[in-house]
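Please look at the sequence and the 3D structure below.

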Amino acid sequence: MNIIEIEKDLIPYTFEMELGNEVFVFEIDYNERYDFFTVTLYKNNAVLVQGEKLILNRPLFDGVSDVNLPKVTITPVSNSERRITFENMGEFVFLAVE
């Protein structure tokens, strides 16, 4: 299992990542008022999924049917937390790639 590191000090920010021999761009954002993170996913400069909320133990893009999505599963996981917060992201909550 690989982990995608979230750089909280850079939010909002974008980064490229190769997943399954394809390059995707992730845009990470944080809603301060309601304390949650979102991700927008791009491929070839096209938006595939916009503003997907990160929910603990629920795979990203679950239920989205698009052949252009990554062929891997990305899931926010934790052994101890009950929800994702700014404080626990990257400390006790991680984005696992399987």
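How many aromatic pairs does the structure hold? The structure holds five; rings of Phe, Tyr and Trp (its six-membered ring) pair if their centres lie within 6.5 Å, and planes under 30 degrees apart count as stacked, over 60 as edge-to-face and the rest as tilted. This is a predicted model, in which local features need pLDDT of at least 70 and side-chain atom pairs count only at pLDDT 80 or more, while totals for chains, interfaces and linings use all residues. Residues are numbered from 1 along each chain as its sequence is written, and side-chain values use heavy atoms, leaving out hydrogens and water.

**Aromatic pairs**

- Phenylalanine 15 and phenylalanine 26 are stacked, because their ring centres are 5.2 Å apart and their planes are at 5°.
- This pair joins strand E2 (residues 13-19) to strand E3 (residues 22-31), across 11 residues; strands are DSSP runs of at least two residues, numbered from the N terminus.
- Phenylalanine 26 is buried at 3% relative accessibility (buried means under 20% relative accessible area, exposed over 50%, partly exposed in between, with a 1.4 Å probe and protein chains only).
- Tyrosine 30 and phenylalanine 86 form a tilted pair, with 4.9 Å between centres and 55° between planes.

**Charges over rings**

- The charged end of lysine 8 sits over the ring of phenylalanine 86, 4.9 Å from its centre (NZ of Lys or CZ of Arg must be within 6 Å of the ring centre and within 35 degrees of the ring normal).
- The charged end of lysine 53 sits over the ring of phenylalanine 36, at 4.7 Å from its centre.

**Threonine 75**

- Threonine 75 lies in strand E6 (residues 74-77) and is buried, at 7% relative accessibility.

Key:
Helices (H or I, at least four residues) and strands (E, at least two) are DSSP runs, numbered from the N terminus.
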